[in-house]
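Work through the exercises below with the sequence and the model in view. Try each task before reading its solution.

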Amino acid sequence: MYDGIVGPWFLQTFVRAAGSAELHYVILLPALEACLDRVRTRVDHGFSDLAVTRDMHQQFANADIDTRHVITESDDPPAEMAERIAGRLSRG
């Protein structure tokens with residue numbers, strides 16, 4: 001499992017480097033304001049650039065990826081989000 005940022009534009013390179021025969025890809029994409037608020041209010045984290053946050057959000061929002069891989073409602077606790085993703089995987 002890899003938990004991090006891999007933009008759709010980098011996905012094929014990531015898949016080749018991982019050497020995995022199977023891949024499940026999920027984009028958690030809350031609203032821009034939620035992302036900005038999270039960056040503003042994080043503590044003990046080195047990333048605080050709001051302009052880069054806006055740019056990154058726009059890149060993910062405009063990416064050419066099937067919407068079945070995108071979850072925009074991401075206020076759920078992590079355990080519930082994991083259950084939602086697992087449910088989607090089991091339904092194909």
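About 240 Å³ of space lies in the second largest pocket. The model is predicted, so local features need pLDDT of at least 70 and side-chain atom pairs pLDDT 80 or more, while totals for chains, interfaces and linings use all residues. Residues are numbered from 1 along each chain as its sequence is written, and side-chain values use heavy atoms, leaving out hydrogens and water.

**Exercise 1.** Describe the lining of the second largest pocket.

*Solution.* Step 1: a pocket is an open set of points on a 1 Å grid over the protein atoms alone, where a 1.4 Å probe fits, with protein on both sides within 12 Å along at least five of seven lines; lining residues have an atom within 4 Å of a point.
Step 1: the lining residues include Leu-23, His-24, Arg-68 and Gly-92.
Step 2: by class, 6 are nonpolar, 3 polar and 2 charged. Ala, Val, Leu, Ile, Met, Phe, Trp, Tyr, Cys and Pro count as nonpolar, Asp, Glu, Lys and Arg as charged, and the others as polar.

**Exercise 2.** Describe the largest pocket.

*Solution.* Step 1: its space is about 1500 Å³.
Step 1: of its 35 lining residues, Asp-3, Gly-4, Ile-5, Val-26 and Leu-28 lie nearest the centre.
Step 2: the lining has 24 nonpolar, 7 polar and 4 charged residues.

**Exercise 3.** Is Thr-53 buried or exposed?

*Solution.* Step 1: buried means under 20% relative accessible area and exposed over 50%, with partly exposed in between (1.4 Å probe, protein chains only).
Step 1: Thr-53 counts as buried because its relative accessibility is 9%.

Technical notes: Grid points are joined across faces, edges and corners, and a volume is the space filled by probe spheres set on the points.
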